[in-house]
Amino acid sequence: MSDQTIQNDPETGSDAPLTVAPDTSDHEALSIEVGPEGETLLEIDHVTLRFGGVVALNDVHFSIKRGEILGLIGPNGAGKTTCFNVMTGVYTPTAGEVRFNGQVISGTKPHKINQLGIARTFQNIRLFPEMSALENVMVGCDARHKTSVLGALFRAYRVRPSEDDLPDNPLKRSLAKVFGISRHTLEERSGRVRSMELLKFVGIADRAHELSRNLPYGYQRRLEIARALATQPELLCLDEPAAGFNPAEKEDLMDLIRRIRDLGHTVLVIEHDMKLVLGVTDRIVVLEFGQKIAEGTPEAVARNPKVIAAYLGEPDDAA
Ligand SMILES: Nc1ncnc2c1ncn2[C@@H]1O[C@H](COP(=O)(O)OP(=O)(O)OP(=O)(O)O)[C@@H](O)[C@H]1O
């Protein structure tokens with residue numbers, strides 16, 4: 001697929017609604033290879049995290065199974081984002097450990113954890129504002145490249161190109177046949193194609209070449225997801241992806257989350273919107289004051305008296 005296949009929509013002004021036509025392409029090229037579904041992918045093993053006197057996480061224990069969509073919910077200040085931060089290497093637990101694919105990752109640097117296969121989006125969108133949407137996603141793809149900085153600078157490690165990889169220009173084509181093409185060039189090219197495919201997948205390819213700071217809010221949220229997916233994570237963690245969305249946008253987001261899972265990714269989602277969480281997840285873990293108070297199917301969690309009390313407040317029996 002080339003960039004030219006992306007159609008510019010003259011209707012998409014800065015107030016353009018996020019709701020997009022359903023994406024009917026199969027996006028098979030974006031699928032990732034993963035191990036058997038249902039196995040434990042990530043385990044939060046009795047994790048405690050203290051900030052001075054504040055116990056943000058208190059002996060929290062749960063696991064995420066490969067192939068599922070797990071919801072992490074709880075009232076404000078319950079410890080959800082802190083849990084993400086522990087899983088992605090921002091914080092090291094005071095006690096307990098985090099294992100990913102059986103390997104202890106607590107204490108590992110965030111970029112290493114990303115290389116191991118965990119990516120996240122943020123509650124407050126964090127894009128590169130002066131880069132185009134496409135470039136933002138290409139940064140994610142770069143994280144998967146094998147070429148070193150020196151290799152990229154000197155265009156070292158030349159490889160024999162396949163017929164598809166040969167340039168159209170006859171002179172360049174002949175040179176490539178004789179001298180090969182640098183691995184960096186090939187990686188860059190395939191990163192660009194993959195990035196555009198990801199923008200199509202999340203439904204924002206019509207503005208691929210616009211600076212990300214000029215994109216409407218809903219587009220920026222989807223762009224963050226596309227950039228996280230570009231690192232081909234086994235586990236994608238979404239921190240309040242529906243914040244600021246209207247009901248139609250939330251429906252679209254639920255569909256997108258399901259399609260992300262269908263590509264092979266396991267998804268962990270923090271979200272306050274109960275309709276979305278109950279509608280899209282397979283299981284839910286509930287935190288309150290840094291402790292796990294419930295875990296189960298959406299139906300069971302929605303009926304759980306502890307969860308109802310946490311959200312609605314205890315009935316004032318004493319009064
Ligand atoms: N860096 C920090 N230093 C001190 N306390 C912190 C820090 N980060 C989080 N906390 C505290 O840890 C507790 C859990 O916060 P956290 O942000 O994880 O909650 P949350 O469930 O994500 O809340 P929200 O839904 O409002 O985002 C809160 O009491 C918070 O004030």
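## A first look at the protein and its ligand shell

Of the 319 residues in the protein, 36% are buried, where buried means that 20 or more other C-beta atoms, placed from the backbone, lie within 10 Å of the residue's own. Please keep in mind that this is a predicted model: local features need pLDDT of at least 70, side-chain atom pairs count only at pLDDT 80 or more, and totals for chains, interfaces and linings use all residues. Residue numbers start from 1 along each chain as its sequence is written.

The protein has 11 helices and 12 strands; these are DSSP runs numbered from the N terminus, with helices (H or I) of at least four residues and strands (E) of at least two.

Now to the ligand. Its shell includes Phe-51, Asn-76 and Gly-79, a residue being near the ligand if its C-beta atom, placed from the backbone, lies within 6 Å of it. Two elements each supply at least two residues of this shell, strand S2 and helix H1, and H1 gives the largest share, three residues.

| Element | Residues |
|---|---|
| Strand S2 | 54–65 |
| Helix H1 | 80–87 |

By type, the shell divides into four nonpolar residues, six polar and one charged. Here Ala, Val, Leu, Ile, Met, Phe, Trp, Tyr, Cys and Pro count as nonpolar, Asp, Glu, Lys and Arg as charged, and the others, Gly among them, as polar.

Six of its eight residues are buried, so H1 is largely enclosed by the rest of the structure. Among these buried residues are Lys-80, Thr-82 and Phe-84. After H1 comes Gly-89, with a positive phi near 85°.

Conventions:
A residue is buried if 20 or more other C-beta atoms lie within 10 Å of its own, exposed if 12 or fewer, and partly exposed in between; C-beta atoms are placed from the backbone.
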